[in-house]
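Visitor: I would like a short tour of this chain. Please start with one residue and its neighbours.

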Amino acid sequence: MVKRGWGQKELADYLGVARSSVSNYLRGAMQPRPNQYEQFAELLGVSMDEIADLLAYPAAETLSDSQLMLTIQSILLTLQQHVAEIEDRLRDLEDRIP
């Protein structure tokens with residue numbers, strides 16, 4: 001998960017859902033409730049516009065295997081960039097602590 005040491009249970013607690021719901025979100029078996037997207041944005045340190053951009057990707061079942069792979073890679077790259085930015089912010093904050 002994005003926060004250091006967070007697993008599905010910690011994310012579930014943060015979202016106020018069962019761990020099985022988080023597992024279903026990650027597998028694509030279930031979609032989060034609309035109000036949870038704001039929580040995801042806050043957790044990832046991104047705007048709701050960025051979350052909306054991620055949600056604008058076509059449904060997986062409408063894509064060919066190669067299109068799906070490119071879409072997944074694009075989403076992962078975006079998330080990795082956000083994680084790197086968050087880690088940089090954390091390092092900056094840690095450097096400021098005496």
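**A tour in questions**

Guide: Setting aside neighbours within four places in sequence, Gln 39 is in contact (heavy atoms within 4.5 Å) with Tyr 14 and Leu 15. This is a predicted model: local features need pLDDT of at least 70, side-chain atom pairs count only at pLDDT 80 or more, and totals for chains, interfaces and linings use all residues. Residues are numbered from 1 along each chain as its sequence is written, and side-chain values use heavy atoms, with hydrogens and water left out.

Visitor: How far apart are the C-alpha atoms of Gln 39 and Tyr 14?

Guide: Along the chain, Gln 39 and Tyr 14 are 25 residues apart.

Visitor: Is Gln 39 buried, partly exposed or exposed?

Guide: Gln 39 sits in helix α3. Buried means under 20% relative accessible area, exposed means over 50%, and partly exposed is in between (1.4 Å probe, protein chains only). Gln 39 has 22%, so the class is partly exposed.

Visitor: What pattern does the chain follow along the sequence?

Guide: Helices (H or I, at least four residues) and strands (E, at least two) are DSSP runs, numbered from the N terminus. The chain has 5 helices and 0 strands. Read along the sequence, the pattern is α-α-α-α-α.

Visitor: In which helix is confidence lowest?

Guide: Confidence is given as pLDDT, the predictor's score for each residue from 0 to 100. The chain averages 78, and 85% of the residues score at least 70. Helix α1 (residues 8-15) is highest, at a mean of 85, while the lowest mean, 77, belongs to helix α4 (residues 48-55).

Visitor: How do the axes of α3 and α4 lie, roughly parallel or roughly perpendicular?

Guide: Axes are lines fitted to C-alpha atoms, for helices over the stretch in contact, with angles from 0 to 180 degrees between N-to-C directions. The axes of α3 (residues 36-44) and α4 come within 9 Å and cross at roughly 115°. Angles of 65 to 115 degrees count as roughly perpendicular, under 35 as roughly parallel, over 145 as roughly antiparallel and the rest as oblique. So α3 and α4 are roughly perpendicular.

Visitor: Which residues in α4 does α3 meet?

Guide: From α3 come Tyr 37, Glu 38, Phe 40, Ala 41 and Leu 44. Their partners in α4 are Met 48, Ile 51 and Leu 55.

Visitor: How many salt bridges does the count give?

Guide: Side chains of opposite charge can pair when their charged atoms come close. A salt bridge needs a side-chain nitrogen of Lys or Arg within 4 Å of a carboxyl oxygen of Asp or Glu. By this rule, the count is 2.

Visitor: What is the N to O distance between Lys 9 and Asp 13?

Guide: Lys 9 and Asp 13 are 4 residues apart in helix α1, so about one helical turn separates them. Their side chains meet in a salt bridge, N to O, at 3.0 Å.

Visitor: And what is the N to O distance between Arg 91 and Asp 88?

Guide: Both lie in helix α5 (residues 65-96), 3 residues apart, about one turn of the helix. Arg 91 is partly exposed at 39%, and Asp 88 is partly exposed at 39%. Their salt bridge, N to O, spans 2.4 Å.

Visitor: Which residues does Asn 24 touch?

Guide: Asn 24 lies in helix α2 (residues 19-27). With a relative accessible area of 19%, Asn 24 is buried. Not counting residues up to four places away in sequence, Asn 24 touches Ala 29 and Met 30.
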